[in-house]
Amino acid sequence: MAKTKKSIVFCHGIWADGSCFSKVIPALQAEGHEVMAAQYGLDTHAGDVATVKRTLGRVSSPAILVGHSYGGAVITSAGTDDRVVGLVFVAAVAPDADETVNGQLGKFPTTDVFKHIAPAEGRVWMLPDGVQYFAGDLPEQEQKVVWATHYPPAADLFDQKMEGTAWKSKPSWYIVAKNDRTVHPDLQRFVAKRMGATVYEVASSHVPMLSNPKLVIDVIRAAANA
């Protein structure tokens with residue numbers, strides 16, 4: 001009997017939505033993977049995790065979770081689900097049970113993007129001039145689309161408690177974005193080493209799935225075939 005291909009569920013970060021994976025989804029679908037990008041509201045960490053678990057119910061198991069940026073915190077919690085067999089972190093945070101995202105960010109130098117944000121109506125928005133620190137290696141037109149589709153998190157999202165630490169029990173792969181000006185590259189290296197991930201480094205902004213999609217596809221493929 002043919003081996004079933006693993007499903008892949010993508011988990012976006014803040015200032016993003018599922019469309020940030022548009023350059024890597026088609027290739028994985030073409031190879032026979034069931035693929036979905038969870039679309040969650042960035043209102044509460046628990047709510048975002050619940051959405052991912054609902055999404056796992058719409059694809060066949062076993063599944064690989066792929067988390068970008070804050071999505072790394074989401075897959076750290078949601079990945080404890082029995083349907084998940086591997087985790088791929090893309091320029092992502094990965095707090096331990098006693099940490100918050102803000103606590104983790106605070107241990108490293110503040111990155112440039114945080115000088116270009118605006119709190120309003122209980123959310124945190126990226127200013128138009130901030131996108132260069134988020135996706136600066138994309139062509140200008142693509143940067144404008146990234147900004148136009150950016151989705152603001154609840155102001156307290158990064159201070160919320162997390163449940164579960166999947167990278168302690170599930171195999172993990174990590175893509176470090178060496179030129180990241182949103183999540184500090186040293187934070188990325190720290191969490192990748194702590195979780196014992198298979199690590200790849202790429203000369204990329206915070207969005208390697210848009211600027212270096214081939215590498216991201218290759219890493220996801222490696223995780224799916226492991």
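1. Basis of the note. This is a predicted model, in which local features need pLDDT of at least 70 and side-chain atom pairs count only at pLDDT 80 or more, whereas totals for chains, interfaces and linings use all residues. Residues are numbered from 1 along each chain as its sequence is written, and side-chain values use heavy atoms, with hydrogens and water left out.

2. The cavity. On a 1 Å grid over the protein atoms alone, a cavity is a set of points where a 1.4 Å probe fits but cannot get out, and a pocket is an open set with protein on both sides within 12 Å along at least five of seven lines; lining residues have an atom within 4 Å of a point. Grid points are joined across faces, edges and corners, and a volume is the space filled by probe spheres set on the points. The largest cavity has a volume of about 70 Å³, and its lining includes Trp15, Ser69, Tyr70, Val183 and His206. By class, this lining has nine nonpolar, three polar and no charged residues (Ala, Val, Leu, Ile, Met, Phe, Trp, Tyr, Cys and Pro count as nonpolar, Asp, Glu, Lys and Arg as charged, and the others, Gly among them, as polar).

3. Valine 183. This residue of the cavity lining is found in the loop between β7 (172-177) and α7 (185-195), where helices (H or I, at least four residues) and strands (E, at least two) are DSSP runs numbered from the N terminus. Valine 183 counts as buried at 4% relative accessibility, buried being under 20% relative accessible area, exposed over 50% and partly exposed in between, with a 1.4 Å probe and protein chains only. Not counting residues up to four places away in sequence, valine 183 touches Ser69, Ala91, Val93, Thr111, Gln188 and His206, a contact being heavy atoms within 4.5 Å. The C-alpha atoms of valine 183 and serine 69 are separated by 7.2 Å, although these residues are 114 residues apart along the chain.

4. The pocket. The largest pocket has a volume of about 200 Å³ and is lined by 16 residues, of which Cys20, Val145, Val146, Thr149 and Leu210 lie nearest its centre. Helix α6 gives the most to this lining, with three residues, and the lining as a whole has ten nonpolar, four polar and two charged residues.

5. The cysteines. With a disulfide taken as a pair of cysteine sulfur atoms within 2.5 Å, the count comes to zero disulfides. The sulfur of cysteine 11 is 10 Å from the closest cysteine sulfur, in cysteine 20, and is therefore too far away for a bond. Cysteine 11 is buried, with a relative accessible area of 0%, and cysteine 20 also counts as buried, at 8% relative accessibility.
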